[in-house]
Amino acid sequence: MALLFAVLLAACHAQIVLDDEPGAGLEDADAGGEGGGGVERKEATDPMTRMLQWGMENSDLSEMARKAQLVREGKMKPQPVDREAMDALFGSKAKFMEQCVVRVKDAVKAGEVEEIVASLEDLEEQVTDIDNAGDLDHFGGVDLVMKLLGHKMDKVRQASLWVIGTTVQSHPKMQEMLMARGVLPKLLDPLRKASKSLKKEDPRLLAKNIYALSSLLRTCPQCIEKFTKADGHKTVTSLLSALADDSRTDGPWTAVKRKVVALVGDLIEEEGVEASTQKLIAALTAGGGGGG
């Protein structure tokens, strides 16, 4: 118990980066080393990013810098982007989003696990754009990804959690939408199971689960209220206690422990120290904490 309170206290005083590194693959995102060197750059799938990469690779950078300086000095007007021409060349962002969702659907129908994961990774890249994230439901993407949270393969569930977490991140509309669609039990139930026994748990899957839950709750009072009613504080303290008693310290498990502590810190920041501490202590005394 003493160790658990020490971890909780540390959460009050340390700001811990929780978000997965944008653009990192599923195997890299939680491996413990942030932005590990030697990782090959993933080819962009977003049409805007592809256009930017192509432009940078095929431009005279010194000439670009000269023109930018002239624009700043008011000696040259910036050339407007021809939206129609860009869409004709690269396709619109909405169209590409739709194609990503269709790819996931087709892969699910075909039962091709690797293609499901690859398609979900592309979809996650798309929803890093807040406008794209808001459009995900227009193409049936929200219900599709939520359904895949129950897939039999860990790697599919992991990719789905990544999409969920990125979709709701700093996006009140999507936080409320997914909460209304019943995503909270889908995120809490696996954590409750893990808190009882960590022996057969995949740390990378757990890390993505915590990432999705944290993104759902952050800066969303309505979400935290429902989290409280669902005994979420007890779930988190139970998991924290189980992790505190676990001796594994390799990269993936360290990432899980770091993310849970960060989640506790988020709850304290969102709810206020007094209110959140009371809920966490109540959860511990009700059986949410282990020995120590």
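Helix axes are lines fitted to C-alpha atoms over the stretch in contact, and the angles between them run from 0 to 180 degrees between N-to-C directions.

**View 1. Helix 13 and helix 14 pack against each other in this predicted model.** The two helices meet at an angle of about 125°, and their axes are 7 Å apart. An angle of 65 to 115 degrees would count as roughly perpendicular and one over 145 as roughly antiparallel, and helix 13 and helix 14 are therefore described as oblique to each other. On the side of helix 13 the contact is made by Leu-213, Leu-216 and Leu-217, while helix 14 contributes Cys-223, Ile-224 and Phe-227. Sorted by kind, the residues of this contact are six nonpolar, with no polar and no charged residues.

**View 2. Helix 12, which spans residues 183-196, has a set of buried residues.** These buried residues are Val-183, Leu-184, Leu-187, Leu-188, Leu-191, Ala-194 and Ser-195. Seen down the axis of helix 12, they fall within an arc of 120°, so they line one face of the helix. Lys-193 and Lys-196, by contrast, are exposed on the other side of helix 12. The buried residues of helix 12 pack against helix 9 (141-148), helix 10 (154-168) and helix 11 (172-180), and also against helix 13 (203-217), helix 14 (221-229) and helix 15 (232-244).

**View 3. Asn-209 is a buried residue of helix 13.** Its relative accessible area is 3%, and a residue counts as buried when this value is under 20%. Leaving aside neighbours within four places in sequence, Asn-209 is in contact with Leu-161, Leu-187, Pro-190 and Leu-191.

**View 4. His-138 lies in the loop between helix 8 (130-135) and helix 9.** This residue is exposed, with a relative accessible area of 56%, since the term is used for values over 50%. Although His-138 and Glu-98 are 40 residues apart along the chain, their C-alpha atoms are separated by 8.6 Å.

**View 5. The whole protein, shown for orientation, has 17 helices and zero strands.** Of its 292 residues, 43% count as buried. The protein exposes about 15300 Å², and carbon and sulfur atoms supply 55% of that area. Among the contacts with a separation of 6 or more, 76% are accounted for by residues 24 or more positions apart.

Notes:
Residues are numbered from 1 along each chain as its sequence is written. This is a predicted model: local features need pLDDT of at least 70, side-chain atom pairs count only at pLDDT 80 or more; totals for chains, interfaces and linings use all residues. Side-chain values use heavy atoms; hydrogens and water are left out. Helices (H or I, at least four residues) and strands (E, at least two) are DSSP runs, numbered from the N terminus. Buried means under 20% relative accessible area, exposed over 50%, partly exposed in between (1.4 Å probe, protein chains only). Contact means heavy atoms within 4.5 Å. Accessible areas come from the Shrake-Rupley method with a 1.4 Å probe; for residues, only the protein chains shown count as cover. The arc is that of the directions from the helix axis to the C-beta atoms. Angles under 35 degrees count as roughly parallel, over 145 as roughly antiparallel, 65 to 115 as roughly perpendicular and the rest as oblique. Ala, Val, Leu, Ile, Met, Phe, Trp, Tyr, Cys and Pro count as nonpolar, Asp, Glu, Lys and Arg as charged, and the others, Gly among them, as polar.
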